Amino acid sequence: MLQPPKIKIRPVMKMADLIDANPHLLLMLQHFNIDFRVGDMTVWQLCSRHGISENLFVSIANLYNGFDSKGHQPFTQTDLLQVIDFLKSSHDFYRNDKYPQINHYIRELQERHPMREMKLLERFFNEYFAEVLEHLDYEDSTAFPYFITLLEERQQERHGTLYSSKEYGDHHTDIELKLQDLKNLLLKYVEMEGDLELRRRLLFALYELEFDLYIHSLIEEKILIPSGVRIEKGVNV
């Protein structure tokens with residue numbers, strides 16, 4: 001797992017400096033649909049321009065920098081709807097960017113090194129990503145619509161439903177963990193000569209996917225699920 005720099009982000013800090021220290025924050029900006037041309041804006045100026053609360057932005061940015069989000073709750077209804085949009089954007093990134101990229105690298109390696117181990121590696125990744133897609137589809141079709149209904153206080157639509165934030169939490173899994181096995185195959189077990197550039201690109205893509213899936217899980221565990229439980233208990237957000 002990539003280890004982010006231990007810089008605790010505060011609203012007065014300049015966004016460009018923070019990106020320079022941790023380029024993975026670019027992916028966070030992408031998920032918030034914020035352009036990378038941040039100029040000399042501080043975090044709070046950036047938040048103000050894009051209609052995002054400092055509390056939410058700093059909480060998620062600090063997850064990317066290796067800090068917990070404790071102490072920043074409660075989040076507002078608008079915050080939580082933006083969290084769902086953020087998570088949906090990350091789903092698009094996994095489906096349409098990382099999966100095709102990693103799959104392309106593996107196939108290219110397999111063509112150059114048609115060995116049994118590479119076929120196993122391709123099958124392992126495809127089976128793994130099928131699990132990821134099942135997880136993403138479940139969130140898109142079941143969990144996120146439930147939270148949106150909950151946040152918009154559409155009590156009538158919620159009446160009779162057996163679903164809850166707890167059930168979502170019980171269903172929740174850390175889908176990034178199996179990527180460690182895939183990296184280990186490449187780093188420890190698959191014997192291959194040459195193609196260092198292609199293998200490096202593949203490993204970097206796996207590290208990036210693993211890190212963002214990890215942050216994705218943290219946002220759900222630390223922000224979305226606890227906030228959903230609070231609302232279900234009648235605590236205002």
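This is a predicted model: local features need pLDDT of at least 70, side-chain atom pairs count only at pLDDT 80 or more; totals for chains, interfaces and linings use all residues.
Local features need pLDDT of at least 70, side-chain atom pairs count only at pLDDT 80 or more, and totals for chains, interfaces and linings use all residues. Residues are numbered from 1 along each chain as its sequence is written, and side-chain values use heavy atoms, without hydrogens and water.

**Exercise 1.** State how many helices and strands the protein has.

*Solution.* Take the DSSP runs: helices are H or I, at least four residues, and strands are E, at least two, numbered from the N terminus. The count is ten helices and zero strands. From the N terminus, the order is therefore α-α-α-α-α-α-α-α-α-α.

**Exercise 2.** Compare the radius of gyration with that of a compact globule.

*Solution.* For 237 residues the rule gives a value near 18 Å. The protein has 20 Å, which agrees. Its C-alpha trace spans about 60 × 50 × 25 Å along the principal axes.

**Exercise 3.** Decide whether Gln-82 is buried or exposed.

*Solution.* Locate Gln-82 in helix α5 (residues 77–112). Apply the cut-offs: buried is under 20% relative accessible area, exposed over 50%, partly exposed in between (1.4 Å probe, protein chains only). Gln-82 has 19% relative accessibility, so Gln-82 counts as buried. Next, list its contacts (heavy atoms within 4.5 Å). Leaving out residues up to four places away in sequence, Gln-82 touches Gly-51, Ile-52, Ser-53 and Leu-56. Across the protein, 46% of the 237 residues count as buried.

Definitions and conventions. The radius of gyration is taken over C-alpha atoms; the globule rule is 2.2 Å times the number of residues to the power 0.38.
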